[in-house]
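Please open the structure in the viewer and keep the sequence at hand.

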Amino acid sequence: MITEVSILPIQSVYSIDNHIITATVLNEEPLLMKFDRVLSDEECQALIDSAASRLKKSKLANKEVSQIRTSSGMFFDENESPLITIIENRISSLMHVPIVHAEGLQVLKYEPGQEFKEHYDFFGSNNPSSHNNRMSTLIIYLNDVEEGGETIFPSLEITVKPVKGSAVYFEYFYSNQALNELTLHSGKPVIRGEKWVTTQWMRKQRIREC
């Protein structure tokens, strides 16, 4: 039984600027959804091409390099190109949160053996950013992974396989902290090939000027 209202209006199909995205509910509370065709093949490749020369070793939210997270990544500046503006606006509409609440769009690359161990996306109470905490995440897969690289939600017993152009979405803004903690997740090690994703985090309060 649903006891808290989700951020996202739950639908089987979302039409955003004539871009058709289909959806499947994987879990109701906390809300966890899988979207198909969020980005076209051409948009996925364009993001990879734009990010490839700008990658640096990934850090945790506290700005530290750690074996918890062994990928490489980068952040786009807001509206830095027509492509980024189009994608950010589509994501904002899909996540049902104004773009002024969005962090910069991030691209991550995982090579064989690289992973992101179990973690929460929201900030702990000792993190200075917790005063304007994250409330939802969208992870878009930019390529098909030959083997490995699944997104795992161990507390919910849900596994999402990377499929090019598809995405996994989840919320953790609930007043019931036990629901938020169910969003514990990890990116399993890549076994063969490589894994590219782009991630959008939304904050509770605006962080952009316009």
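Select E80 and R54, whose side chains meet in a salt bridge with N and O 2.9 Å apart; a salt bridge here is a side-chain nitrogen of Lys or Arg within 4 Å of a carboxyl oxygen of Asp or Glu. The pair links distant parts of the chain, 26 residues apart: E80 is in the loop between β5 (72-75) and α2 (82-95), and R54 is in the loop between α1 (41-51) and β4 (56-57). Helices (H or I, at least four residues) and strands (E, at least two) are DSSP runs, numbered from the N terminus. E80 is partly exposed, with a relative accessible area of 33%, and R54 is also partly exposed, at 32%. Buried means under 20% relative accessible area, exposed over 50%, and partly exposed in between (1.4 Å probe, protein chains only).

The model is predicted: local features need pLDDT of at least 70 and side-chain atom pairs count only at pLDDT 80 or more, while totals for chains, interfaces and linings use all residues. Residues are numbered from 1 along each chain as its sequence is written, and side-chain values use heavy atoms, with hydrogens and water left out.

Next, select R134 and E103. Their salt bridge has its closest N and O atoms 2.7 Å apart. R134 lies in strand β8 (residues 134-141) and E103 in the loop between α2 and β6 (106-110), so the pair ties together parts that are 31 residues apart in sequence. Are these two residues buried or exposed? Both R134 and E103 are buried.

Move on to K109 and E111, which form a salt bridge at 3.4 Å, N to O. K109 counts as buried, at 17% relative accessibility, whereas E111 is partly exposed, at 38%.

Then select E78, E88 and R208 together: salt bridges link these residues in a network. How many salt bridges does the structure hold? There are 11 salt bridges in the structure.

Finally, display the whole protein chain. Its secondary structure comprises three helices and 15 strands. The C-alpha trace spans about 45 × 40 × 35 Å along its principal axes. Of the 210 residues in the protein chain, 52% are buried. Among contacts (heavy atoms within 4.5 Å) between residues at least 6 apart in sequence, 73% join residues at least 24 apart.
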